[in-house]
Amino acid sequence: MPPPIQVIMSGPRTIINIRCAAARRFPGLRHKYHSYEHDSPSSYTPEQDMILAAAINHVPAHGFTDTALSSGIRDAGYPDVSANLFPEGVFALVKYHLVTQRSALSRNAPAPPPTESSTTLDMVRRLTLQRLHANKPIIHRWQEALAILAMPKHIATSLRELALLSDEIHFLAGDKSVDTSWYTKRAGLSAIYANAELFMTQDKSANFKETEEFLDRRLESAQILRNTIGDAGQWAGVQAMGVISALRSKGVRI
């Protein structure tokens, strides 16, 4: 296991221990290797799965709301009292979308490429873009979801899901890092994805072409920084600031 890295930053919370912060804030990053214990649709009971799958179909029209959830309950053939299956309310609907779309990456992704860095980066791009495009049907409602994700009681789960997505993408891309870059790559991609996702909510270009270009610029910049900054602590500091910026863009007060 790589030793902890301390990153000096200006402002509040000036010292961030990357390893401890990753384990505390991102439970899915506690191991050096991809975990097959990530949440998946099978984490839900059959009743929950049927209701949420039906409710997602109402999100384009009604948003991530109680109306969509109630419609899903009725469509699945359950009584209204079944809303009690979801004590977190509409957050359950948002999380279901995140979990199912992350799981879909492993089902639809091509075989991992060779481990050469350029090829792996291309695969990271393809998978990240694939995940972004999965938001197309509900993108006009996604700012509502971001507001729900940024609520204080949901922040820990939101951060965990973002970390798991980044881990999944790197794993499927064939990344086999076992040193400190395991953490920094995932932290960097988390920041890039969060910003690209927010950008996409305002993108009016055909087939979200501008979002694709935005993603390419961010990935290219991250690669240049990784090749330029030799010190692991400095690189981790850059990525930590990127994550903080991304979280602030989602409405999290940091």
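**Helix packing, salt bridges and core**

Me: I'm starting with R102: is that residue buried or exposed?
Reply: R102 is buried, as its relative accessible area is 2% (buried is under 20%, exposed over 50% and partly exposed in between, with a 1.4 Å probe on protein chains only). This is a predicted model, in which local features need pLDDT of at least 70 and side-chain atom pairs count only at pLDDT 80 or more, while totals for chains, interfaces and linings use all residues. Residues are numbered from 1 along each chain as its sequence is written, and side-chain values use heavy atoms, leaving out hydrogens and water.

Me: Which side chain meets R102 in a salt bridge?
Reply: That partner is E161, with 2.6 Å from N to O (a salt bridge puts a side-chain nitrogen of Lys or Arg within 4 Å of a carboxyl oxygen of Asp or Glu). The two residues are 59 apart in the chain and link distant parts of it, with R102 in helix α5 and E161 in helix α8 (helices are DSSP runs of H or I, at least four residues, numbered from the N terminus). E161 also counts as buried, at 7% relative accessibility.

Me: OK, and how do α5 and α8 lie against each other?
Reply: The axes of α5 and α8 (residues 155-172) come within 10 Å and cross at roughly 10 degrees (axes are fitted to C-alpha atoms over the stretch in contact, with angles from 0 to 180 degrees between N-to-C directions). On the α5 side the contact includes F91, K95, L98 and R102, and on the α8 side it includes T157, E161, L164 and L165 (contact means heavy atoms within 4.5 Å).

Me: What about α5 and α7, at what angle do they pack?
Reply: Helix α5 (residues 91-108) packs against helix α7 (residues 142-149) at about 110 degrees, and their axes are 10 Å apart. That angle makes α5 roughly perpendicular to α7. In this pair F91, V94, H97 and L98 of α5 meet W142, A145, I148 and L149 of α7.

Me: Back to charges: how many salt bridges does the whole structure have?
Reply: A search of the whole structure finds seven. Among them is the one between D175 and K185, whose closest N and O atoms are 2.9 Å apart. D175 lies in the loop between α8 and α9 (181-200) and K185 in helix α9, so this pair ties together parts 10 residues apart in sequence. D175 is buried, with a relative accessible area of 13%. R186 forms a salt bridge with D175 too, where the closest N and O atoms are 3.1 Å apart. R186 sits in helix α9, 11 residues from D175, and both R186 and D175 are buried.

Me: Which residues make up the network there?
Reply: The network of salt bridges links D167, D175, K185 and R186.

Me: New topic: which residues touch the most other members of the largest nonpolar core?
Reply: They are L52, F64, L93, L127 and W142, out of 51 residues in that core (a set of buried Ala, Val, Leu, Ile, Met, Phe, Trp, Tyr and Cys residues joined through side-chain atoms within 4.5 Å). The largest share of the core, eight residues, comes from α5.

Me: And what does F64 touch?
Reply: Leaving out residues up to four places away in sequence, F64 touches, among others, V59, L93, H97, W142 and I148.

Key: Parallel < 35°, antiparallel > 145°, perpendicular 65-115°, else oblique.
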